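This report examines selected features of one protein model.

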Amino acid sequence: MSHGSAQDSVMMQVPNVGAFVRALLPVKLTEGHTVTFGVWLAIHPKDLKPTFDIWWDPANEHLHLDAWLANAIPPWGMLACPIEAAVRDPNQTPYCVSSPDETVNRVLTEEWDHDLVLEGIRAE
């Protein structure tokens with residue numbers, strides 16, 4: 001883990017499971033709102049050390065991750081879907097920016113019903 005606990009960490013490697021990094025997944029909602037999910041992304045274990053080395057460096061603005069969602073996101077699910085993350089601001093966690101998966105790409109680019117999404121979050 002990058003920090004003392006999984007809750008505080010921005011990356012970790014779990015033996016016999018995989019390597020993971022934190023990212024933000026913004027979703028545009030109706031009525032001018034946005035909800036941003038904090039998610040774990042699964043990355044290839046060989047990418048963890050280079051990611052760790054650049055994470056706190058000013059050069060992290062060039063960080064780009066090809067990953068898979070390691071969380072299900074209500075109400076869509078999307079667990080294990082491919083996703084790309086990139087740094088928008090060197091002082092923030094990388095953002096999920098695109099995906100070859102049609103559902104994930106729609107979640108990232110379309111506006112969603114405010115009540116539908118918030119009801120899915122409350123059901124969790």
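## Basis of the report

The structure is a predicted model, in which local features need pLDDT of at least 70 and side-chain atom pairs count only at pLDDT 80 or more, while totals for chains, interfaces and linings use all residues. Residues are numbered from 1 along each chain as its sequence is written, and side-chain values use heavy atoms, with hydrogens and water left out.

## The loop between strands 4 and 5

Met78 is placed in the loop between strand 4 and strand 5; helices (H or I, at least four residues) and strands (E, at least two) are DSSP runs, numbered from the N terminus. Strand 4 covers 64-69 and strand 5 covers 82-86, and Pro75 also has its place in the loop between them. The peptide bond leading from Pro74 to Pro75 is cis, and its omega is near 5°.

Although Met78 is not a glycine, its phi is positive, at about 70°. Ala80, found in the loop between strand 4 and strand 5, is likewise not a glycine and has a positive phi of about 70°. Met78 counts as buried, because its relative accessibility is 7%. Ala80 is partly exposed, with a relative accessible area of 49%. Here buried means under 20% relative accessible area, exposed means over 50%, and partly exposed lies in between (1.4 Å probe, protein chains only).

## The cysteines

How many disulfides does the structure hold? There are zero disulfides, a disulfide being a pair of cysteine sulfur atoms within 2.5 Å. The cysteine sulfur closest to that of Cys81 belongs to Cys96 and is 11 Å away, so the distance is too far for a bond. Cys96 is accordingly in no disulfide. Cys81 counts as buried at 14% relative accessibility, and Cys96 counts as buried at 1%.

## Helix 1 and Thr51

Thr51 lies in helix 1, which comprises residues 48-55. With a relative accessibility of 4%, Thr51 counts as buried. Apart from neighbours within four places in sequence, Thr51 is in contact (heavy atoms within 4.5 Å) with Met11, Val21, Ile43, Leu63 and Leu65.

## Helix 2 and its buried side

Helix 2 consists of residues 102-109, and its buried residues are Val104, Val107 and Leu108. Why do these residues lie on the same side of helix 2? They cover an arc of only 95° around the axis, which puts them on the same side; the arc is that of the directions from the helix axis to the C-beta atoms. In an α-helix there are 3.6 residues a turn, so residues three or four places apart point the same way.

The cover over the buried residues of helix 2 includes strand 2 (18-29), strand 4, strand 5, strand 6 (95-98) and strand 7 (111-112). At the start of helix 2, the backbone nitrogen of Thr103 has a side-chain oxygen of Asp101 within 3.1 Å.

## Helix 3 and His114

His114 lies in helix 3, made up of residues 114-123. Is His114 buried or exposed? His114 counts as buried, because its relative accessibility is 15%. When residues up to four places away in sequence are not counted, His114 touches Leu29, Thr30, Glu31 and His33.

Key
A polar contact is a pair of N or O atoms within 3.5 Å; within protein, one must be able to donate a hydrogen and the other to accept it, and residues adjacent in sequence count only if both atoms are side-chain atoms.
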